[in-house]
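I opened my notebook today to look around one protein, a step at a time. Come along and keep the viewer open.

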Amino acid sequence: MRTAPMTTYFVSDLHLDAAYPSAIAQFGQFLRGMARGADALYILGDLFEDWVGDDDDDPARSQVCAALREYVESGTPCYVMHGNRDFLLGAGFAQRTHCRLLGDAIELELYGERMLLTHGDALCTADLSYQRLRTVVRTASWQRRFLRLSLSTRRTLAAAARAGSRVHTGSAAAYIMDADPAAVQSAMQACQVRTLVHGHTHRPAVHEFKVADQSARRIVLGAWYEQGSVLRWDERGYALRALPRGGPE
Ligand code: MN
């Protein structure tokens with residue numbers, strides 16, 4: 001087994017689904033290779049293209065759950081945050097995978113650095129229609145009603161929501177779909193952190209700026225549709241890397 005002492009990995013927006021078998025395969029390789037033996041793995045939302053309930057028996061999702069469970073059983077804790085696609089991940093998922101679900105957002109201290117972790121959709125405050133939808137689907141009553149529907153109905157509704165989201169993201173201006181600078185400032189100031197890590201926008205980058213006159217950074221993880229995107233953190237610092245498909249593990 002390869003060991004990576006005192007290393008923590010972050011990924012986000014894997015959007016795993018049977019439609020993207022190469023992403024599932026790459027994530028499996030990542031769990032068995034690079035991430036094996038790490039201190040911890042954080043998945044900052046949208047692990048799945050969608051998640052219609054913990055009773056989902058879709059084979060591709062089951063394969064991912066089994067790989068996660070095997071990874072956690074190898075000795076590394078894995079923390080999973082809800083994304084806008086898989087906000088219905090619940091206790092059943094945690095039981096299947098042995099992963100621990102995280103609230104959005106959380107503060108983390110890692111190797112002496114305090115940081116704020118979030119999926120990122122809550123930062124896109126200029127997208128008013130999305131924020132209204134987000135508020136509705138995150139209520140317990142909406143979720144109860146949705147989860148009472150049959151699995152096939154939930155799958156149909158999720159597919160319709162994905163199609164609607166594609167139309168929306170295809171027509172909205174680019175800045176609307178990005179993290180709002182004022183929302184970033186206020187979240188970081190409220191938590192008094194100089195580092196923010198998120199995904200969601202699929203625009204991997206490290207942005208340097210000032211918060212309350214101090215240098216600060218926003219690290220954005222990329223999506224896994226075409227290649228992997230990993231943030232590696234250890235005592236010496238961090239590296240945001242793209243992982244080409246079929247490249248070294
Ligand atoms: Mn997202």
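Predicted model: local features only at pLDDT ≥ 70, side-chain atom pairs only at ≥ 80, totals over all residues.

**Entry 1: a network of charges**

Which residues are linked in a network of salt bridges? The network joins Asp-17, Glu-49, Asp-50, Asp-56, Asp-57 and Asp-58 with Arg-61, Arg-85, Arg-155 and Arg-162. As a reminder to myself, side chains of opposite charge can pair when their charged atoms come close.

**Entry 2: other salt bridges**

How many salt bridges does a search of the whole structure find? I wrote down 20. One of the pairs I looked up is Glu-70 with Arg-36, at 3.0 Å from N to O. This pair links distant parts of the chain: Glu-70 sits in helix H2, Arg-36 in the loop between helix H1 (21-32) and E2, and 34 residues separate them. Glu-70 counts as partly exposed because its relative accessibility is 39%, whereas Arg-36 is buried, at 10%.

Next I looked at Glu-73, which forms a salt bridge with Arg-69, their closest N and O atoms being 3.3 Å apart. Here both residues belong to helix H2, four residues apart, about one turn of the helix. My note on helices: an α-helix has 3.6 residues a turn, so residues three or four places apart point the same way. Arg-69 has 33% relative accessibility, so it counts as partly exposed.

**Entry 3: the manganese ion**

Which protein donors does the manganese ion have? I found Asp-46 (OD), Asn-84 (OD1), His-119 (NE2) and His-200 (ND1), at 2.1 to 2.3 Å from the ion. Along the sequence these donor residues are spaced D-x37-N-x34-H-x80-H. Asp-46 and His-200 are 154 residues apart, so I looked up where each one sits. Asp-46 is in the loop between strand E2 (40-43) and helix H2 (59-73), and His-200 is in the loop between strand E7 (195-198) and strand E8 (205-211). Asp-46 counts as buried because its relative accessibility is 1%. His-200 counts as buried as well, at 17%.

**Entry 4: the nonpolar cores**

How many residues has the largest nonpolar core? It has 38, and those with the most contacts inside it are Phe-27, Phe-30, Ile-43, Leu-47, Leu-68 and Phe-93. Strand E1 (7-11), H1, E2, H2, strand E3 (78-81) and helix H6 (151-171) each supply at least two residues of this core. H2 gives the most to it, with six residues. Leaving aside neighbours within four places in sequence, I listed the contacts of Phe-27, including Leu-14, Ile-43, Val-64, Leu-68 and Trp-224. Apart from this core lies another, of 17 residues, among them Met-115, Leu-117, Ile-219 and Trp-233. In soluble globular proteins, nonpolar side chains tend to be buried together.

Which residues of helix H4 (residues 128-137) are buried? I noted Tyr-130, Gln-131, Arg-134 and Val-137. Looking down the axis of H4, I saw that its buried residues fall within an arc of 135°, so they line one face of the helix. These buried residues pack against helix H5 (140-148) and H6. The face of H4 turned away from the buried side carries the exposed residues Leu-128, Arg-132 and Thr-135.

Terms used
Residues numbered from 1 in each chain as written. Heavy atoms only, no water. Donors = N, O, S within 2.8 Å, 3.2 Å for Na, K, Ca; no water. Buried < 20%, exposed > 50% of the residue type's maximum accessible area, 1.4 Å probe, protein only. Salt bridge = Lys/Arg side-chain N within 4 Å of Asp/Glu carboxyl O. Core = buried A, V, L, I, M, F, W, Y, C linked by side-chain atoms within 4.5 Å. Contact = heavy atoms within 4.5 Å. Arc of directions from axis to C-beta.
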